[in-house]
Amino acid sequence: MIRENKNILKYISQNLSEVFITNEFSKGEIILSQNKNVNHISIIQSGLVKCYRSEANGKDFIQEFFGSGEIFGEIEFFTHTVSFCSIEALQELQIYQLTHKEFANLLNNDPQFNQLIMGSLAQKISYKAQRHAFQGAHATENSLIKIMNETPDLFNIISKQDMANYLGITLRSLNRILLQLSGKEGVINEKG
């Protein structure tokens, strides 16, 4: 659920750290706003962000949670569009950033970096396809059990509201499911 890409991070730190600018953001800070121009490609050095879309009805839908090594801003680079989602820091955050021109130069002149970026895009597509297939074929309760088993300290990392937004349900529905699960033997409780 919390996506990471250690291969890109390792390659940058060993080969390209002088090409990137390092920036820091505080918890709660918006790094990228929905429907705005994206001027940089960003790769997370440390910390956690949520990638979410705010709808006209005031509801947020969380697309993904990104951890170390994950990249954002590349979709807008390739599609020449404004940002589809907002990116918000959920923890203290350090990121590598570079301009579109520098990113294009690396893609054209560094085959290994290019392959890592293409691999990252393929992983994003694969992850989303698997997530949506699972959530479409199973009850929300099953999705939550799967997530809690994969991330035992889930609610120490991500708020219940963010988890509800990730699952596409209300906070009240999430609390109801958690209450039901707490009474079932062999199911992880919300505290891990």
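I took two strands as paired if DSSP finds at least two bridges between them, and I read helices (H or I, at least four residues) and strands (E, at least two) as DSSP runs, numbered from the N terminus. I worked on a predicted model, in which local features need pLDDT of at least 70, side-chain atom pairs count only at pLDDT 80 or more, and totals for chains, interfaces and linings use all residues. Residues are numbered from 1 along each chain as its sequence is written, and side-chain values use heavy atoms, with hydrogens and water left out.

**Entry 1: the whole chain**

I found eight helices and nine strands in the chain. The radius of gyration, taken over C-alpha atoms, is 18 Å, close to the 16 Å that the globule rule (2.2 Å times the number of residues to the power 0.38) gives for 192 residues, so the chain is as compact as a globular protein of that length. Along the principal axes, the C-alpha atoms fill a box of roughly 55 × 35 × 30 Å.

I counted a residue as buried under 20% relative accessible area, exposed over 50% and partly exposed in between (1.4 Å probe, protein chains only); on that scale, buried residues make up 43% of the 192. For contacts, meaning heavy atoms within 4.5 Å, I looked at pairs at least 6 apart in sequence, and 75% of these join residues at least 24 apart.

**Entry 2: the open sheet**

I traced an open sheet of four strands in the order E2-E9-E4-E7, with antiparallel pairing. Its edge strands are E2 (21–25) and E7 (71–72), each of which pairs on one side only. Within this sheet, E4 (residues 40–46) and E9 (residues 93–99) run antiparallel and are joined by six bridges, and I noted that serine 46 has glutamine 94 in E9 as its bridge partner.

**Entry 3: strand E8 and its partners**

I then turned to E8 (residues 86–89), which is joined to E5 (residues 49–54) by four bridges in an antiparallel run, with tyrosine 52 standing opposite serine 86. E8 also pairs with E3 in the antiparallel sense, over two bridges, and there leucine 32 has isoleucine 87 as its bridge partner.

In a regular strand the side chains alternate between the two faces of the sheet. I found both faces of E8 covered, with Ser86 and Glu88 buried on one side and Ile87 and Ala89 buried on the other. Glutamate 88 has a relative accessible area of 16% and is therefore buried; leaving aside neighbours within four places in sequence, its contacts are Gly28, Glu29, Ile30, Ile31, Leu48, Val49, Lys50 and Tyr52.

**Entry 4: the loop between E3 and E4**

I placed glutamine 34 in the loop between E3 (30–32) and E4. Glutamine 34 counts as buried because its relative accessibility is 15%. Not counting residues up to four places away in sequence, glutamine 34 touches Tyr52, Arg53, Ser54, Ser83, Phe84, Cys85 and Ser86.

Lysine 36 is found in the loop between E3 and E4 as well, and, with neighbours within four places in sequence set aside, lysine 36 is in contact with Val82 and Ser83. I also checked lysine 36 against serine 68: they are 32 residues apart in sequence and 24 Å apart in space, C-alpha to C-alpha.
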